Amino acid sequence: MRYFYLSREALKYGQIVQYDVFDLEVPIEIYRTGVGKEDAIQYIGDFIPNDLVYDEENDVVFSEVDRPSPYHVFIKGIWIIKDQEGYKKFCHDEIDRIKAEILEYGFDYLIDDVPHRQRCRDKDIALMGTSMVYLIGEQLIGNTTATTPWYFEDNFEWQVGLQKLVVFARYGKTFMESVYKVENYFKTLEEPKFITKFEFENKRKEIHRQLVGV
């Protein structure tokens, strides 16, 4: 860790002018007593990043990549949320983005221990209903061994009967339910939280297991 002393005036115009760099800290109040160093500001890090930001309102400098969100300010070495409503919307927008990405992919369904991707578009759900109606009709006329082809995203053809199709549909319903339950869970936290896709998926899998009783 090193202590960089930069020109505050230059930072206001997006420029970086370095006065000094030390391995040991010199309190900024003392450093500013040096001739020509009155406008100095301190940055602590291993190097000066390219995305250095000067916050004139709070008289601090930081790397944009370290900023938790556009709604945070860096005051006395601590990130503080300056706009609670803005940050809440920021978190919710990220949850919506992750949710949409997961729903767009769908889920992997194991057949003979081989995963096959199933998407969850309206046309997939409609076809599922049509296939069930067909198989139920076949059973009503006594054809209990009837099957229908089901095609996954990888073009795998699955000849499936009513019982297996119902189990498959139940899995898909549970998958979608788990996605929306996770969305609700994170959006209703008392304190808004910016989450990653990894966190969303971990929580979704936990809820999925609860829903299927595993």
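**View A. A nonpolar patch on the surface of the predicted model.** Patches here are made of residues with over 30% relative accessible area and no salt bridge, and nonpolar side chains are joined within 5 Å. This is a predicted model, and one such nonpolar surface patch is formed by Ile136, Leu140 and Ile141. Look for Leu140 in helix α4, which covers residues 122-140. With a relative accessible area of 72%, Leu140 counts as exposed, because exposed means over 50%.

**View B. The open sheet built from β1, β2 and β3.** Three strands line up here in the order β2-β1-β3, and their pairing is antiparallel. The edges are β2 (18-22) and β3 (40-45), each of which pairs on one side only. Ignoring direction, neighbouring strands in this sheet are turned by 20° against each other on average.

**View C. Zooming in on the β1 and β3 pairing.** Strand β1 takes in residues 2-7 and runs antiparallel to β3, with 6 bridges joining the two. To get your bearings, pick out Tyr3: its bridge partner in β3 is Ile44.

**View E. Side chains of β5.** Strand β5 spans residues 60-63. Val60 and Phe62 point one way, while Val61 and Ser63 point the other way. Whichever way they point, all of them are buried.

Key. Residues numbered from 1 in each chain as written. Predicted model: local features only at pLDDT ≥ 70, side-chain atom pairs only at ≥ 80, totals over all residues. Heavy atoms only, no water. Patch = residues over 30% accessible without salt bridge, like charges linked within 9 Å, V, L, I, M, F, W, Y side chains within 5 Å. Areas by Shrake-Rupley, 256 points an atom, 1.4 Å probe, with all protein chains shown as cover. Salt bridge = Lys/Arg side-chain N within 4 Å of Asp/Glu carboxyl O. Helix = DSSP H or I, 4+ residues; strand = E, 2+ residues; numbered from the N terminus. Buried < 20%, exposed > 50% of the residue type's maximum accessible area, 1.4 Å probe, protein only. Pairing = 2+ DSSP bridges. Axes fitted to C-alpha atoms, helices over the stretch in contact; angles between N-to-C directions.
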